[in-house]
Amino acid sequence: MRSKLTLAALAATAAFASPAMAQTVDSDQATARGVVLLPLTLTHDTSQPLNFGTVLASPLAGTVAINADDGSRTVTGGVSEILLDLGGRAIFNGVGTEGQLVDLTLTPPATLTGPGPAIVVLDMDLDSGGGFTQTRTIPAGGSFVVGVGGEFAIAANQTNGTYSATFTVEAAYQ
C-alpha cells in the first residue's frame, strides 16, 4: 500500500510541479479580396465638337456661350446669331464599371486662334453642374455621356474666319 501511495504522490507532484506548456503555434483566417474593373474609356464624339457656331461681329464686342447641358447658344453685346449654324456642345462618351466613381477633369484652352486676334475663352464647363472637375457615379449599364460648353469673347470687328483650339477631358476611377 505504501508503494501505491508513493506512486500517487509522485504522479501528483509531477502533474502540479511541471511548468505550463506555452502555446507556440496559433492561426486565424482572413479573406483575400480584390476588385476588377472594366477599363475606363472616354472618347470624343467627333461629330459633336464644341462649336460656337457662326456669328456676325460688329463694332461692339460681345460673347457667344454654349450651354454644356443642352448645347443651346446665347449671344450678348454686338454679336448676332446666324441661324444656319447654331453650334453645340462637345460630347464625350464614356464606358466603365457601373456603380464606380469616376473623376472628370476639363483642361480648357486660354484662346481660340484663327486669322485675326485670338478669341479669349472666358469659361468652359462640364455638364451636370459645371466647373472644370466633377465626380460622377457610373450609371447602370456602364455608359455615360459628358457634355462640354463654354463662353467665348468676340472682339469688336473680329476678323472673319474659323477659330479653333484643342482641349482635354480626362476620366479616372477614384
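How many aromatic pairs does a search of the whole structure find? The search finds two; rings of Phe, Tyr and Trp (its six-membered ring) pair if their centres lie within 6.5 Å. This is a predicted model: local features need pLDDT of at least 70, side-chain atom pairs count only at pLDDT 80 or more, and totals for chains, interfaces and linings use all residues. Residues are numbered from 1 along each chain as its sequence is written, and side-chain values use heavy atoms, without hydrogens and water.

**View 1. Phe52 and Phe152 form a tilted pair.** Their ring centres are 5.4 Å apart and their planes meet at 40 degrees (under 30 degrees is stacked, over 60 edge-to-face, the rest tilted). Phe52 sits in the loop between β1 (41-44) and β2, Phe152 in strand β11, 100 residues apart. Strands are DSSP runs of E, at least two residues, numbered from the N terminus. Phe52 is buried at 12% relative accessibility (buried is under 20% relative accessible area, exposed over 50%, partly exposed in between, with a 1.4 Å probe and protein chains only). Phe152 is buried too, at 2%.

**View 2. Phe92 and Phe167 form an edge-to-face pair.** The centres lie 6.1 Å apart, with the planes at 70 degrees. Phe92 belongs to strand β6, and Phe167 to the loop between β11 and β12 (168-173). Phe92 is buried at 8%, whereas Phe167 is partly exposed at 22%.

**View 3. Ser58 lies in the loop between β2 (55-56) and β3 (62-66).** Ser58 is buried, at 17%. A polar atom of its side chain is 2.8 Å from the backbone oxygen of Gly78.

Terms used
Helices (H or I, at least four residues) and strands (E, at least two) are DSSP runs, numbered from the N terminus. A polar contact is a pair of N or O atoms within 3.5 Å; within protein, one must be able to donate a hydrogen and the other to accept it, and residues adjacent in sequence count only if both atoms are side-chain atoms.
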